[in-house]
Amino acid sequence: MSNERKQQIIKAANQSFATFGYKATTMDHVAKAANVGKGTIYNFFKNKEQLFQEIISNLLSEMKTQAESVIDDHKPLKENVHLALYELLQYRRSHQLTIQMVQEAKEMGTAAVQEALANVEGLITAYLREKIEQAIERGDIRPCHPEMTAFMMFKLYTAFIIDWEERHQPLEKEEIMHLFDEYVFKGLSPS
């Protein structure tokens with residue numbers, strides 16, 4: 001019963017954060033949406049920040065699962081990076097909470113939201129760094145600075161998927177892969 005109640009609260013809080021944003025969500029909103037007393041929430045979470053961190057932790061776990069679902073160790077790094085980044089950024093674009101977070105970070109600069117987005121970026125770049133290190137060890141790409149390369153890949157992919165679309169027609173998946181190959185992987189080629 002206790003775990004059920006906690007999941008009910010998390011689900012209600014997730015919906016509230018996704019609808020109203022972090023700043024506008026109150027524990028009263030969450031209690032009402034979860035159909036519990038406000039005091040019940042405090043049995044599981046000491047404050048709104050801790051509740052939000054729980055939701056972000058779940059989000060990061062979901063994102064990692066999404067990325068891993070498309071990775072194939074028999075494919076070259078460039079295909080896996082493309083598939084994983086495309087999957088992650090599509091997930092981010094379609095997930096209401098992340099959409100709300102990006103908007104709130106841009107418009108209001110809410111510190112908790114900016115930190116959560118930094119955690120999302122950190123998860124993605126750490127995942128990429130690991131794949132880059134493995135590719136270097138196998139000789140698939142030339143030696144490079146894995147963390148910096150992962151950061152650059154993430155930022156470039158984000159620019160192709162999100163920033164470009166603010167003023168242009170969306171790029172097709174194959175077009176993004178071609179551009180990524182031209183701008184990134186030809187430079188990392190071992191020969």
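Which residues in α1 meet which residues in α2? In this predicted model, Gln8, Ile9, Ala12, Ala13, Ser16 and Ala24 in α1 meet His29, Val30, Ala33 and Ala34 in α2. By class, these contact residues comprise 7 nonpolar, 3 polar and no charged. Helix α1 spans residues 2-24 and helix α2 residues 27-34. Their axes lie 8 Å apart, at an angle of about 140°. The two helices are therefore oblique to each other. The crossing of α1 past α2 is right-handed.

On the α5 side, the contact is made by Leu77, Val81, Ala84, Leu85 and Leu88. On the α7 side, Ile124, Tyr127, Leu128, Lys131, Ile132 and Ala135 take part. The contact has 10 nonpolar residues, no polar residues and 1 charged residue.

The largest pocket has a volume of about 260 Å³. Elements giving two or more residues to its lining are α5, α6 (96-108) and α8 (146-163). Helix α6 gives the most, with 6 residues. The lining holds 5 nonpolar, 3 polar and 4 charged residues. Among them are Arg92, Thr98, Lys106 and Asp163.

The second largest pocket has a volume of about 160 Å³. Its lining receives two or more residues from each of α7 and α8. Helix α8 gives the most, with 5 residues. Residues lining this pocket include Arg92, Glu121, Phe154 and Asp163. By class, the lining has 5 nonpolar, 1 polar and 4 charged residues.

Key:
Residues are numbered from 1 along each chain as its sequence is written. This is a predicted model: local features need pLDDT of at least 70, side-chain atom pairs count only at pLDDT 80 or more; totals for chains, interfaces and linings use all residues. Side-chain values use heavy atoms; hydrogens and water are left out. Axes are lines fitted to C-alpha atoms, for helices over the stretch in contact, and angles run from 0 to 180 degrees between N-to-C directions. Helices (H or I, at least four residues) and strands (E, at least two) are DSSP runs, numbered from the N terminus. Angles under 35 degrees count as roughly parallel, over 145 as roughly antiparallel, 65 to 115 as roughly perpendicular and the rest as oblique. A crossing is left-handed if the near helix is turned anticlockwise from the far one by less than a right angle, and right-handed if clockwise. Contact means heavy atoms within 4.5 Å. Ala, Val, Leu, Ile, Met, Phe, Trp, Tyr, Cys and Pro count as nonpolar, Asp, Glu, Lys and Arg as charged, and the others, Gly among them, as polar. On a 1 Å grid over the protein atoms alone, a cavity is a set of points where a 1.4 Å probe fits but cannot get out, and a pocket is an open set with protein on both sides within 12 Å along at least five of seven lines; lining residues have an atom within 4 Å of a point. Grid points are joined across faces, edges and corners, and a volume is the space filled by probe spheres set on the points.
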